[in-house]
Amino acid sequence: HNAIVKALAQVIHKTDGAKVHLERRESELARIFKGRVQQGQMDLAVAQYGTHTKYIDATVVSPVTADPRFVLEAANKPGLAATKAEGLKRLRYPHASLPPFAMEIGGRLGPSALAYVQSLFREPGASADYTIADALTSLSTALHAHTAQQIYTAQLSTPAPNPAS
């Protein structure tokens with residue numbers, strides 16, 4: 001998750017030079033949760049020139065869950081896990097200034113996440129030297145490098161089997 005957030009911040013900055021803040025609490029995105037007011041904590045706050053701030057709350061999801069019905073459904077509908085995760089983000093923060101951003105562990109972006117990345121390249125002043133393919137490659141590389149590091153770290157912390165047992 002954190003690797004994707006940092007990679008997305010770099011993509012946004014490279015594309016249009018916008019100022020991007022990481023891990024911001026925003027009172028305007030407050031919600032009632034379990035009877036208490038809770039400020040929204042956004043992964044990214046993008047200060048776009050001449051417009052309002054856009055907030056992004058990212059998630060990384062797996063289409064492989066403990067629910068066998070979901071696994072079967074996800075196997076037949078590419079991107080289902082990311083689409084459902086984006087729907088949950090919309091329910092949690094139903095604000096127009098907060099596009100849901102979901103990415104599956106295989107690298108597929110949800111429809112809103114992909115639309116957001118594509119929109120960066122339609123902005124006036126978007127970099128001509130940095131393409132959508134570059135942006136998607138940056139996000140995918142961050143995801144897979146971090147996932148590989150997690151697997152490697154987990155392997156190092158797992159005790160070796162005892163051959164005498």
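Me: Hi! In this model, how much of the contact set with a separation of 6 or more comes from residues 24 or more positions apart?
Reply: Hello! This is a predicted model, and in the protein chain such residues account for 55% of those contacts.

Me: Thanks. Which helices and strands are there, and in what order?
Reply: The protein chain has five helices and four strands. Reading from the N terminus, the order is α-β-β-β-α-α-β-α-α.

Me: Let's look at helix 1. Why does its span agree with what a helix should give?
Reply: Helix 1 covers residues 2-16, which is 15 residues, so at 1.5 Å a residue it should span 21 Å. Its end C-alpha atoms are 22 Å apart, which agrees.

Me: And which of its residues are buried?
Reply: They are A3, I4, V5, A7, L8, A9, V11, I12, T15 and D16.

Me: What follows helix 1?
Reply: G17 does, and its phi is positive, near 75 degrees.

Me: Switching to aromatics: how many pairs does the structure hold?
Reply: One aromatic pair. It is made by F121 and Y130, whose ring centres are 6.3 Å apart.

Me: Why is that pair called stacked?
Reply: The ring planes of F121 and Y130 meet at 20 degrees, and planes under 30 degrees apart count as stacked.

Me: Are those two buried or exposed?
Reply: F121 has 19% relative accessibility, so it counts as buried, the cut-off being under 20%. Y130 is buried too, at 11%.

How values were computed: Residues are numbered from 1 along each chain as its sequence is written. This is a predicted model: local features need pLDDT of at least 70, side-chain atom pairs count only at pLDDT 80 or more; totals for chains, interfaces and linings use all residues. Side-chain values use heavy atoms; hydrogens and water are left out. Helices (H or I, at least four residues) and strands (E, at least two) are DSSP runs, numbered from the N terminus. Contact means heavy atoms within 4.5 Å. Rings of Phe, Tyr and Trp (its six-membered ring) pair if their centres lie within 6.5 Å; planes under 30 degrees apart count as stacked, over 60 as edge-to-face and the rest as tilted. Buried means under 20% relative accessible area, exposed over 50%, partly exposed in between (1.4 Å probe, protein chains only). The expected span of a helix is 1.5 Å times one less than its number of residues.
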